Amino acid sequence: MPEPIGISNLPNQRYKIVSREGATFTLMVAGESGLGKSTFINTLFESDLIYPESNATRHKAPLQKTVGIDITRAELREKNFTIRLNVIDTPGFGDNVSNNNSWQPIIEFLDEQHNLYLRQEQQPTRASKKDLRAHACLYFIRPTGHTLKPLDVEVMKKLGTRVNLIPVIAKADTLSPNEMLEFKSRIRSIIEAQDIRIYSPPLELEDQAAAEHAKQLIESMPFAVIGSEDSIEVSPGNIVRGRQYPWGIVEVENDQHCDFRKLRSLLLRTNMLDLILSTEELHYESYRALKLQSDEN
Ligand code: GDP
Ligand code: MG
């Protein structure tokens, strides 16, 4: 049974601000090449939250090695509420030692979207705005089991000041449960020590169950994910998305195997609205303030 998207059920005022025209949600993925970013996006699109239960339509070219920045659009409909979902897949970086600034286009893309939006806001016309400001950026970390690379730290710092940064550990099936726990805790300490800004779900919720869920999400960070394009029959008639190994099957949507469902819930259900609003109120506002200041000088 797929969970509903849920955004159409939010009763509060802030929701109404977003809902008049429906919502646009833009998700970006970044990280070294070969970590499963494109596969993850496809897994997300094909998982049953989105497709086909919630009446999603998707426009996308078939999977290919990401060369430039690649945008997939989908529409999710629930009741009378529409979410326009944009997913931005970025080229991987870091595979070439001499190519130190290969992540630069990603940062420029983020800034450029803020800039485009700002320029549209300054126009007198009320035409609906083109908006590709990213509401969240999933940063894929190589599952080394050791530590973050200097390159990861550098890129994450830059991302964290521009976008709601959500670190994820790629290919969770390649680490044992113990290795995963240790790796997670090491990454959390580096994030803290290096003062990297990451997205944290708000805890001050009136609803006890929602607060408990938010706490669980925070404790799971960085989310361990598994992506797969394969459906596997685990028992007669029971088909799951997963990866098959000689010793068994790892399932994408099994909470014992990885945090895919938690991450999907955060992005598309419980925290979508907060991601949208904090982008507007925090990241866009700080871009705007800086930009206006530098224009005056
Ligand atoms: P990208 O360069 O980050 O977009 O990576 P791709 O999505 O193209 O994936 C690179 C390779 O990793 C492919 O062979 C995928 O099948 C494989 N892959 C993707 N996700 C996972 C995963 O969760 N676990 C494992 N073991 N392999 C994965
Ligand atoms: Mg790719």
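User: Is tyrosine 245 buried, partly exposed or exposed?

Analyst: Let's start with the scale: buried means under 20% relative accessible area, exposed over 50%, and partly exposed in between, with a 1.4 Å probe and protein chains only. Tyrosine 245 has a relative accessible area of 25%, so it is partly exposed. Please keep in mind that this is a predicted model, where local features need pLDDT of at least 70, side-chain atom pairs count only at pLDDT 80 or more, and totals for chains, interfaces and linings use all residues. Residues are numbered from 1 along each chain as its sequence is written, chains are lettered from A and ligands numbered from 1 in the order in which they are written, and side-chain values use heavy atoms, leaving out hydrogens and water.

User: How is the ring pair of tyrosine 245 and tryptophan 247 arranged?

Analyst: In general, a pair of aromatic rings is described by the distance of the centres and the angle of the planes. Rings of Phe, Tyr and Trp (its six-membered ring) pair if their centres lie within 6.5 Å; planes under 30 degrees apart count as stacked, over 60 as edge-to-face and the rest as tilted. Here the centres are 4.7 Å apart and the planes are at 5 degrees, so tyrosine 245 and tryptophan 247 are stacked. Tryptophan 247 is exposed, at 60% relative accessible area.

User: Why is the pair of phenylalanine 40 and phenylalanine 260 called edge-to-face?

Analyst: Because their planes are at 65 degrees, with the ring centres 5.8 Å apart. Phenylalanine 40 sits in helix α2 and phenylalanine 260 in helix α7 (residues 260-270), 220 residues apart, so the pair links distant parts of the chain. Helices (H or I, at least four residues) and strands (E, at least two) are DSSP runs, numbered from the N terminus.

User: Which elements give two or more residues to the shell around ligand 1?

Analyst: A residue is near a molecule if one of its heavy atoms lies within 4 Å of it. By that rule 14 residues surround ligand 1, with Gly34, Lys37 and Asp173 among the closest. The elements you ask about are α2 (37-46) and β9 (238-245), and α2 gives the largest share, 3 residues.

User: How far is a polar side-chain atom of lysine 37 from an oxygen atom of ligand 1?

Analyst: The distance is 2.8 Å. For serine 38, a side-chain N or O atom is 2.9 Å from an oxygen atom of the ligand.

How values were computed
A polar contact is a pair of N or O atoms within 3.5 Å; within protein, one must be able to donate a hydrogen and the other to accept it, and residues adjacent in sequence count only if both atoms are side-chain atoms.
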